[in-house]
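Have the sequence and the 3D view ready as you read.

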Amino acid sequence: MGRGTEGENEEEWVEEGEEIEEYEEEGGSGRSQTGAGLLLADIEQDVGEWTTFKHFPVATQGVFQTTFNKLLDQGRTELTVLLLGKNGVGKSSTVNHVIGERKQKVNPYGVSTIDKPTAISRTLGEFTLTLIDTPGLVIGDRIHEATLNTIADIAKEQPIDVVLYVDRLDIYDVSALDKEVFEEVSRLLGAELWSNALLVLTHGELEPPKGETYAEMVASRVEGLQGAISKYAGTKLESAVIENSSKCARNWSSERVLPDGTVALPNLLQKIVELSTQAQPYEYDTRGKSPDSKNKWMIPLVFGAQLLLKHFVFDKCVKKWDIYHGDEWGPKQKEYKDEKYISKMKEAKKEYLRRQKLKQEGK
Ligand SMILES: Nc1nc2c(ncn2[C@@H]2O[C@H](COP(=O)(O)OP(=O)(O)OP(=O)(O)O)[C@@H](O)[C@H]2O)c(=O)[nH]1
Ligand SMILES: [Mg+2]
């Protein structure tokens, strides 16, 4: 195993703490289509042949081809993957890593740009892979709802096969902000999104703390996030670790390998494809999710339930109450049992009827 950039036509890596360089587009495959042929007005799309594919290590190319062929055998010619996560966790770096181009702007950690979501599609033979990169989900210490709403708009028109929920491996706790992110994602996009989600942990080339193995360190980070997300997802998300740095250790085939020997990129792609064959694509369904229309669809149901409740429960209770306790003139009324009172009432009624009769006879 070695280190360095040989073997791949590497993107220029923006290491943490480095100055942001003016972003330059990689020559070659992509044609930027800003404004034309967009999925939506507020997303940029870049579509092109995957000409840089040949720059991947040969072994990686083999895994990608075999994996895409599996989908083609099932009649699937496209795979759409959306990346989601807080700011600076490595979403754009992961996009660049997977397509093998320095396409998406990568910022030093802590410096965020509120960009539009960008869809990058690369076609290899009959197969097209689309990656949708999104801006970070947090502004200051608040959730960036506008990003989530834009994602909802995208997913209304473009079914998403797999969502990559990206976070960093080298953070050891699940914060209150993380929990808020999971809650808001579930509220605004619908908890069903998690059925299509894979947990992706960047910064995978990490030394475990003393007394812990690499596998234990990864497991504890994964379990922490899985636990917090499962409150909404109902299940534990599958996970994959990735190292986006070009300085990562490599195997004999020049592929980046994690400290536990996992060949990171092919492993990520295989997990993505596996998940895409297990779950129906995620499509945003407006019912009950947007704050404006939230629960409106329930109104007729609630009205129906109220009618049934009145008919089967409330009316019956009132009737029962009347039978046992009597209403104003019911059988349990005190006066009702008073013989004198009853005969007095009877007399009054007789007198009333007699007068009515006389009135009718004109007397
Ligand atoms: N060492 C290492 N650095 C990484 C890795 N992934 C990303 N980085 C660095 O982390 C910083 C942020 O990466 P980005 O890809 O811009 O993160 P992002 O999630 O797209 O950020 P926003 O778009 O601002 O939300 C950059 O300095 C990257 O170079 C990784 O796997 N390993
Ligand atoms: Mg980014």
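The crossing of α4 and α5 is right-handed, meaning that the near helix is turned clockwise from the far one by less than a right angle. This is a predicted model, in which local features need pLDDT of at least 70 and side-chain atom pairs count only at pLDDT 80 or more, while totals for chains, interfaces and linings use all residues. Residues are numbered from 1 along each chain as its sequence is written, and chains are lettered from A and ligands numbered from 1 in the order in which they are written.

Here are two helix pairs (helices are DSSP runs of H or I with at least four residues, numbered from the N terminus; axes are lines fitted to C-alpha atoms over the stretch in contact, and angles run from 0 to 180 degrees between N-to-C directions).

| Helices | Angle | Axis distance |
|---|---|---|
| α4 (residues 176-189) and α5 (residues 214-233) | about 25 degrees | 10 Å |
| α1 (residues 58-73) and α6 (residues 264-278) | roughly 5 degrees | within 9 Å |

Angles under 35 degrees count as roughly parallel, so α4 and α5 are roughly parallel to each other. Likewise, α1 and α6 are roughly parallel.

Which residues of α4 meet α5? They are D178, K179, F182 and S186, and their partners in α5 are A228, I229 and Y232 (contact means C-beta atoms, placed from the backbone, within 7 Å).

On the other pair, T60, V63, F64, T67, K70 and L71 in α1 touch L265, P266, L269, Q270 and V273 in α6.

Conventions
Parallel < 35°, antiparallel > 145°, perpendicular 65-115°, else oblique. Contact = placed C-beta atoms within 7 Å.
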